[in-house]
Amino acid sequence: MAPLLEIEDLRTYIKLREGTVHAVDGVSLYVEPGETLGIVGESGSGKTMTALSIMGLLPVGGHIAGGTIHLDGQQIGGLPEDVMRKIRGDEIGMIFQDPLTSLNPTMTVGKQIAEAVRLHRDVTREQAMDRAAEVLDLVGMPRPRERLGEYPHQFSGGMRQRVMIAMALACEPKLLIADEPTTALDVTIQKQILELIDDLRQRLGMSVILVTHDLGVIAGRADRVAVMYAGKIAETTDTGTLFANPRHPYTEALFHALPDKAAETRERLYSIPGVPPDLVNPPKACRFAPRCRYAQDHCREEEPRLLGENPEHLYACFYPVGEAERGRTVAARVNAAQPAVSAETFARVPGEVVLAAKGLVKDFPVTKGLLQRRVGAVSAVAGVSFDVRRGETFGLVGESGCGKTTIGRLIVGLEKATAGRISFAGGDLASASGREYRRQRRKIQYMFQDSYASLDPRMRAGTILREPLVVQHIGSRQEQQRRVAEMLDHVGLPRNAVERYPHEFSGGQRQRLGFARALMLSPELIVADEPVSALDVSIQAQVLNLMSALQDDLGLTYLFISHDLAVVRYLSDHIGVMYLGKLVEVGPAEEVYLQPAHPYTRGLIDSAPTANPAAEKAKVRAGVTGELPSAISPPSGCRFRTRCPRAQEICAEVEPPLRPFSAKLHMAACHFPLEVPLSLEATSAAEPA
Amino acid sequence: MSMITPPPEGPSAGAVLDAPPNGAGTLTAVEAAELGLEPTAKPRSLLRRGWEVFAENKLALASLGGVVFMVGFCFIGPLIYSTDQVHVSLAQSLCPPGSGHPLGCDQLGYDLLGRLMTGGQTSLEVGFAAAVVSVLFGTLYGAFAGFVGGPIDAFLMRVVDAGLSIPYIMVLIILSVIFRPSTTIMIFIIAVFYWLGVARLIRGETLTLRTREYVQAVKVIGGRRSRAIIRHIVPNSIGTIIVQGTFAVADSILILAGLGFLGLGVSPPATDWGTMLSNGTNYLQSQQNYWWLIYPAGIAIIVTCISFNFIGDALRDAFETRLQRR
């Protein structure tokens with residue numbers, strides 16, 4: 001069968017003021033009818049530009065400089081706009097990353113979907129609306145007829161993405177391009193959406209191009225994968241082969257950088273050194289060579305072509321890694337200057353309790369009208385207690401809106417608790433005031449998620465790092481500057497970075513800078529709020545390694561907040577799982593991960609995609625169904641009961657207390673846990689008759 | 001601080017590294033080499049880099065030239081080309097441009113080139129002074145309202161809303177009838193209305209800056225509120241303030257011209273460009289073509305206002321740190 005889509009040597013260039021970016025540089029790929037092709041790569045690898053080239057939706061200055069794109073035998077690359085318009089939406093549908101900005105907020109969703117139908121089909125308004133209701137039903141929207149008349153803001157994030165998919169499918173395209181369709185969504189919703197796309201692909205017999213940075217998403221959903229790096233395809237083959245036997249060093253390095261696999265051994269992650277090349281003047285040699293641990297002189301002089309042992313497995317490398325080579329020369333070829341995965345592990349002996357939260361409550365008032373009348377409260381944190389021991393990492397994990405960030409902000413003092421106590425090193429933080437409070441601040445520092453937003457754009461890095469010392473009146477000017485230089489060494493930034501402004505650093509470097517600022521006051525506890533979620537896998541590994549290395553060196557304690565269970569598990573000694581303002585499970589990381597007692601924890605673990613195709617395919621229909629209820633009127637009793645497969649009547653009436661599940665402080669709050677609790681007396685009341 | 005161990009050996013010039021002393025060393029050494037930002041030249045000052053962005057904009061450079069010329073023309077011009085701008089000389093009434101009077105004379109026999117300079121002095125003085133007064137007051141008012149928030153903010157901003165809802169032309173007319181219009185009075189009449197818009201703009205700016213993470217970061221490191229305001233919020237809104245100031249100059253000159261055109265400008269023998277324009281229109285309908293009464297003043301107003309607007313646009317770019325090259 002001829003491929004549905006065939007791209008030959010596609011070159012897409014973007015003209016900018018300072019030169020031409022070779023965003024896509026000679027990409028060839030094909031998509032068979034009915035299959036899912038995954039395009040995976042880090043930001044700037046050209047994966048989105050490839051997708052936009054197919055759609056003819058390149059940004060200003062972007063143009064196809066060479067190559068062909070054939071859809072069903074018809075050349076569509078660089079067609080005039082009015083011809084492309086007929087193909088777009090009709091034969092190729094596209095789903096974008098952010099469902100909030102992709103929908104028009106002033107139009108009802110019904111009209112928006114009908115618009116897509118009416119543009120391509122000769123139908124009446126009523127027929128178009130009927131079709132809209134039909135596709136909404138198809139994408140699993142409850143009560144589709146009634147919801148046609150609603151506006152995008154009345155839908156949740158997951159539902160909006162369903163609307164986007166419905167719109168893309170309204171004209172039954174042969175090819176669906178999904179560009180990071182779930183990146184903005186929570187894992188439980190991500191799983192639902194990915195399952196939907198997969199299901200629709202089978203039912204409608206269409207092909208899907210799934211563009212993503214997440215190897216886990218690719219593992220479970222794609223039939224074949226193309227790994228892109230710096231505008232070129234590094235390796236392409238079917239999913240099983242790629243994950244079992246990657247041949248390109250970049251692919252291999254990506255796998256090694258994932259925290260999933262290192263979580264059990266707690267080895268340091270392999271981090272790809274450096275940053276991707278500048279695509280304005282791409283190197284004439286192998287583009288990965290400067291970051292490759294196997295690179296030889298040959299790699300830095302000549303560009304490898306996309307070849308392989310068979311047409312089904314292509315890779316662009318002179319010295320491929322993987323099974324065929326293993327045991328022969330690989331070890332000998334490892335460049336001595338660039339150490340491979342270090343065998344060093346990190347196991348810690350936790351000390352005394354350094355931070356204790358007791359019954360933390362935070363309500364945000366909901367006000368209305370001119371006089372700011374209080375009409376309700378968002379219950380962001382509802383009675384959370386936990387202990388963090390000196391020298392350990394306590395991971396707080398949960399979906400967005402579960403209150404994990406609020407807890408972090410309460411601890412660093414950016415918010416005031418409605419009720420409850422936070423004691424730090426024996427003293428109560430809330431009762432300290434004025435000078436004493438500011439002194440206490442030194443011991444607890446905060447690492448922001450968005451390092452770009454948290455660094456003053458008008459300050460040089462040196463001034464930013466010096467500011468904490470200036471505020472706390474520590475040392476003379478020379479001492480402060482010396483300490484800034486020391487700190488830059490610590491976090492792996494060059495000393496001349498002090499003269500630079502935040503925008504002159506890359507994402508990973510900025511996160512190092514944010515980390516350095518948090519370390520300036522020699523804190524004992526660092527609250528890190530999603531410090532790596534905005535970073536690419538290879539850069540994420542660099543930052544995670546840095547964090548764990550400095551934890552050992554400086555005896556730091558971390559409160560690590562993240563939505564990413566794999567990252568939390570890798571770094572944490574203890575994990576707390578939050579759901580809608582409640583701590584539902586807490587305990588040692590391995591125990592919580594391997595023997596979760598709470599159904600929500602189980603669901604989270606099942607929802608999170610892992611880079612293992614076999615495991616991904618095996619866990620069909622697991623995960624958490626439904627969506628997060630409103631925190632303004634949370635469900636009675638157990639807050640998780642509305643989405644829980646085990647919920648019974650008692651769950652709506654009695655709020656389950658945290659009960660111990662092992663001697664190692666493993667606790668969970670559930671009436672019908674997945675594991676057997678320790679003491680039977682405490683549970684007898686909740687046991688079903 | 002004693003917790004910090006001495007930094008590991010920095011990478012030598014070559015790619016080969018010494019055995020790293022510890023885990024952190026592994027990372028820092030490898031990556032300092034790999035990430036190594038190329039050594040930069042001696043850093044230039046913020047103003048210097050701002051100027052480079054500004055100078056890239058040719059239109060802005062030309063506009064800056066235009067403003068400098070206008071200021072020189074009005075304030076230095078009379079020293080070179082001195083004319084009697086006090087005594088009426090009816091013999092010269094409405095004489096056309098020619099020898100002795102390059103731009104001719106108006107109906108009272110004042111030399112128009114000299115009058116353009118005198119009028120320009122008033123216009124530019126009022127323009128600059130009104131801009132400074134209104135931007136200064138508006139910034140303080142708006143920033144204060146934005147910081148304190150809550151009911152005080154609500155009250156202060158309702159005052160601004162009330163002020164903006166009054167038709168200003170009417171009040172300007174009443175005020176300039178009550179007071180005998182002098183340069184000082186005109187400055188305050190214009191500033192009384194102009195600061196309202198500035199206050200509203202700066203308050204909005206402050207509201208967004210207040211929630212920025214780098215302002216919150218000050219709280220985390222134990223800094224006071226005043227530090228957040230002085231070191232972070234003000235420097236980050238200075239661009240808006242200065243750009244607003246530039247536009248305020250142009251707007252004030254226009255308002256003054258408008259008042260002068262309505263016959264409410266400064267009283268004779270002093271004059272401004274608007275008043276000159278107003279005079280000229282009285283003779284527009286006659287058989288004679290007294291073009292020299294209209295065009296010079298009109299062109300002066302347009303050139304000055306357009307120049308200030310272009311300069312304002314270019315300043316906005318110049319103050320954007322991200323656009324500055326190193």
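Guide: A residue counts as buried if 20 or more other C-beta atoms, placed from the backbone, lie within 10 Å of its own, as exposed if 12 or fewer do, and as partly exposed in between. By that criterion, 41% of the 326 residues of chain B are buried. The model is predicted: local features need pLDDT of at least 70 and side-chain atom pairs count only at pLDDT 80 or more, whereas totals for chains, interfaces and linings use all residues. Residues are numbered from 1 along each chain as its sequence is written, and chains are lettered from A and ligands numbered from 1 in the order in which they are written.

Visitor: Why is helix 8 of chain A called oblique to helix 22 of chain A?

Guide: Helix 8 (residues 187-204) and helix 22 (residues 599-607) of chain A pack at about 50°, with axes 8 Å apart. Axes are lines fitted to C-alpha atoms, for helices over the stretch in contact, and angles run from 0 to 180 degrees between N-to-C directions. Angles under 35 degrees count as roughly parallel, over 145 as roughly antiparallel, 65 to 115 as roughly perpendicular and the rest as oblique. Helix 8 of chain A is therefore oblique to helix 22 of chain A.

Visitor: Which residues make the contact of helix 8 of chain A with helix 22 of chain A?

Guide: Helix 8 of chain A contributes A:Val187, A:Thr188, A:Gln190 and A:Lys191, and helix 22 of chain A contributes A:Gly603, A:Leu604 and A:Ser607. They divide into two nonpolar, four polar and one charged. Here Ala, Val, Leu, Ile, Met, Phe, Trp, Tyr, Cys and Pro count as nonpolar, Asp, Glu, Lys and Arg as charged, and the others, Gly among them, as polar.

Visitor: What makes strand 9 of chain A mostly covered?

Guide: Six of the six residues of strand 9 (residues 224-229) of chain A are buried. A:Arg224, A:Ala226 and A:Met228 lie on one side, and A:Val225, A:Val227 and A:Tyr229 on the other. In a regular strand the side chains alternate between the two faces of the sheet.

Visitor: How do you know that strand 9 of chain A pairs with strand 10 of chain A?

Guide: Two strands pair if DSSP finds at least two bridges between them. Strand 9 and strand 10 (residues 232-238) of chain A have six bridges, in the antiparallel sense; A:Val225 has A:Thr237 as its bridge partner. In their hairpin, with two residues between the strands, A:Ala230 takes a positive phi near 50°. Strand 9 of chain A also pairs with strand 3 of chain A, in the parallel sense over four bridges, and A:Arg224 is the partner of A:Leu37 there.

Visitor: What is the order of the open sheet in chain A?

Guide: The order of its eight strands is 6-7-8-3-9-10-12-11, with mixed pairing. Strand 6 (92-95) and strand 11 (307-310) of chain A are the edge strands, each pairing on one side only. The twist averages 20° from one strand to the next. Strand 3 (residues 36-40) of chain A runs parallel to strand 8 (residues 207-212) of chain A, joined by five bridges, and A:Leu37 stands opposite A:Ile209.

Methods: Contact = placed C-beta atoms within 7 Å.
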